[in-house]
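This briefing is meant for someone meeting the structure for the first time.

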Amino acid sequence: MVMGNAPPLNPPVRTLMGPGPSDVHPRVLQAMSKGTIGHLDPYYLQVMDRMQQMLRDLFRTQNRMTLAISATGSAGMEATVVNLVEPGDPVLVCVNGVFGMRMADVATRAGAVVTQIQRPWGQVFTADEMHQAIERVKPKVVGIVMAETSTGAWQPIEEIARVVHQTDALLLVDAVTALGGIPVEVDAWQVDAIYAGTQKCLSCPPGLAPVSFSDRALEVIFQRKTKVQSWYLDIHLLANYWGTDRVYHHTAPINMTYGLYEALRVIFDEGLEACFARHVQNHRALRAGLEALGIGYAAQEGHQLPMLNAVWIPDGVDDAGTRSALLQRFGIEIGAGLGDFKGKVWRIGLMGYASRAANVLFFLSALEQLLAEQGHRFQHGSSVAAANAVYAASA
Ligand SMILES: *Cc1c(COP(=O)(O)O)cnc(C)c1O
């Protein structure tokens, strides 16, 4: 290999309809290419403040401690867990997919005594079973995933929050895929700690993890007997940088902050309600199209996420071959099944800027071609027609 011979970057044009990253909004890419300035520059501090306020508006919270961790969604998970949990603390984690499993792992590594309650993949937890588990475990923290990206299940939070708050337990919510796609109400539901990521429904590249802590959670954190095990994610230290003191902690990823700033502006330009309604409409159109092809959903009826469509791969259709042809021939990326759903499910994302009629129609017509080639029987053109009927009905 000759040194210095790497070719210039030339990423292919893709349509990102997987479980993330999703299509990045052009305004976000433009914002990210603006000049890098110092992380303590007065202008940058203004950008941080404004971004922080937009994050509060999106999380629907007044929480002072609302900020963006400089890393991906998993770091948001890690940040909330390691700050809330001290070694030996009982923690209850709800597991019905990959990300609940990850949360249980993170909490175990933080020294928590973790009890898991399980539901089959694709199903959601009821307030009743949560109530029983909480009585039994008496946890300090209850962790739950609102939008389980591995199954497409939409976990309602409001009732569960009520059950959690009948005790002293703190409620920790994974909103990585939820935020920007479906309503998230941190204050109304009294969520104590929540985290998200930029590359799902925020139409941004991966790189930041918005988080928010309630005052109740902060009280618990500020009364810890032990130091937070992670220096980088310690809220005591981060608070000094994001608060008025602006004490140097780490060098913020300036241009990533520009990206998230613009992404939030894009969401509020559209309006939150309109943004959620768009996600629902494109989901309905995709669902109608897939049904015309005889393809059904893996998540429980009535609890299907608009932005992550986990669907059964039809019998006789080649999983990897079809996904690879979508990518090679059409530039469309969709996701494979994980864990229990490996080889059984495709995950079709309609997240943020990727949730567009153009993507739904493009994907359905490409899929029809590939299914026809493999001898799958359906009425040609029916999926696009069914999707268009959904759009026509709401025009
Ligand atoms: C993607 C995702 C994560 C992890 O986020 P990364 O940005 O990949 O680190 C956590 N939870 C859920 C529900 C996710 O979809």
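In what order do the three strands of the open sheet stand, and is the pairing parallel or antiparallel? In this predicted model, the order is 11-14-13, and the pairing is antiparallel. The chain as a whole is divided into domain 1, covering 26-268, and domain 2, covering 272-393.

**The open sheet**

- Strand 11 (308-312) and strand 13 (335-336) stand at the edges of the sheet, and each has a single partner strand, so one side of each is left without a neighbour in the sheet.
- Strand 11 pairs with strand 14, which is made up of residues 345-349, in the antiparallel sense, and five bridges join the two.
- Within this part of the structure, Trp312 stands opposite Val345, a residue of strand 14.
- As a general point, strands of a sheet pair through backbone hydrogen bonds, and the pairing can be parallel or antiparallel.

**Where the two domains meet**

- The centres of domain 1 and domain 2, taken over C-alpha atoms, are separated by 29 Å, while 29 residues of domain 1 are in contact with 22 residues of domain 2.
- Between the two domains an area of about 2100 Å² is buried, and carbon and sulfur atoms give 71% of this area.
- Trp121, Gly152 and Trp154 supply 23% of the area that domain 1 buries against domain 2, which is more than any other three residues supply.
- The count of salt bridges between domain 1 and domain 2 is zero, whereas seven residue pairs are in polar contact between them, with both residues of each pair at pLDDT 80 or more.
- On the side of domain 1 that touches domain 2, the elements giving two or more residues are helix 2 (42-59), strand 6 (147-148), strand 7 (153-154) and helix 10 (254-270).
- The residues on that side of domain 1 divide into 15 nonpolar, ten polar and four charged.

**Salt bridges**

- A search of the whole structure finds 16 salt bridges, and one of them is formed by Arg60 with Glu185, whose closest N and O atoms are 3.0 Å apart.
- This pair links distant parts of the chain, 125 residues apart: Arg60 is in the loop between helix 2 and strand 2 (65-69), and Glu185 is in the loop between strand 8 (170-174) and helix 7 (186-189).

**Backbone details**

- Most residues other than glycine have a negative phi, and most peptide bonds are trans.
- Gly20 and Pro21 are joined by a cis peptide bond with an omega of about 5°, and Pro21 is found in the loop between strand 1 (15-16) and helix 1 (26-32).
- Lys138, a residue other than glycine, has a positive phi, near 45°, and Lys138 lies in the loop between helix 5 (127-137) and strand 5 (141-145).

How values were computed: Residues are numbered from 1 along each chain as its sequence is written. This is a predicted model: local features need pLDDT of at least 70, side-chain atom pairs count only at pLDDT 80 or more; totals for chains, interfaces and linings use all residues. Side-chain values use heavy atoms; hydrogens and water are left out. Domain bounds come from an automatic or database domain assignment. Contact means heavy atoms within 4.5 Å. Buried area is the accessible area (1.4 Å probe) that two parts lose on being put together, summed over both. A salt bridge is a side-chain nitrogen of Lys or Arg within 4 Å of a carboxyl oxygen of Asp or Glu. A polar contact is a pair of N or O atoms within 3.5 Å; within protein, one must be able to donate a hydrogen and the other to accept it, and residues adjacent in sequence count only if both atoms are side-chain atoms. Helices (H or I, at least four residues) and strands (E, at least two) are DSSP runs, numbered from the N terminus. Ala, Val, Leu, Ile, Met, Phe, Trp, Tyr, Cys and Pro count as nonpolar, Asp, Glu, Lys and Arg as charged, and the others, Gly among them, as polar. Two strands pair if DSSP finds at least two bridges between them.
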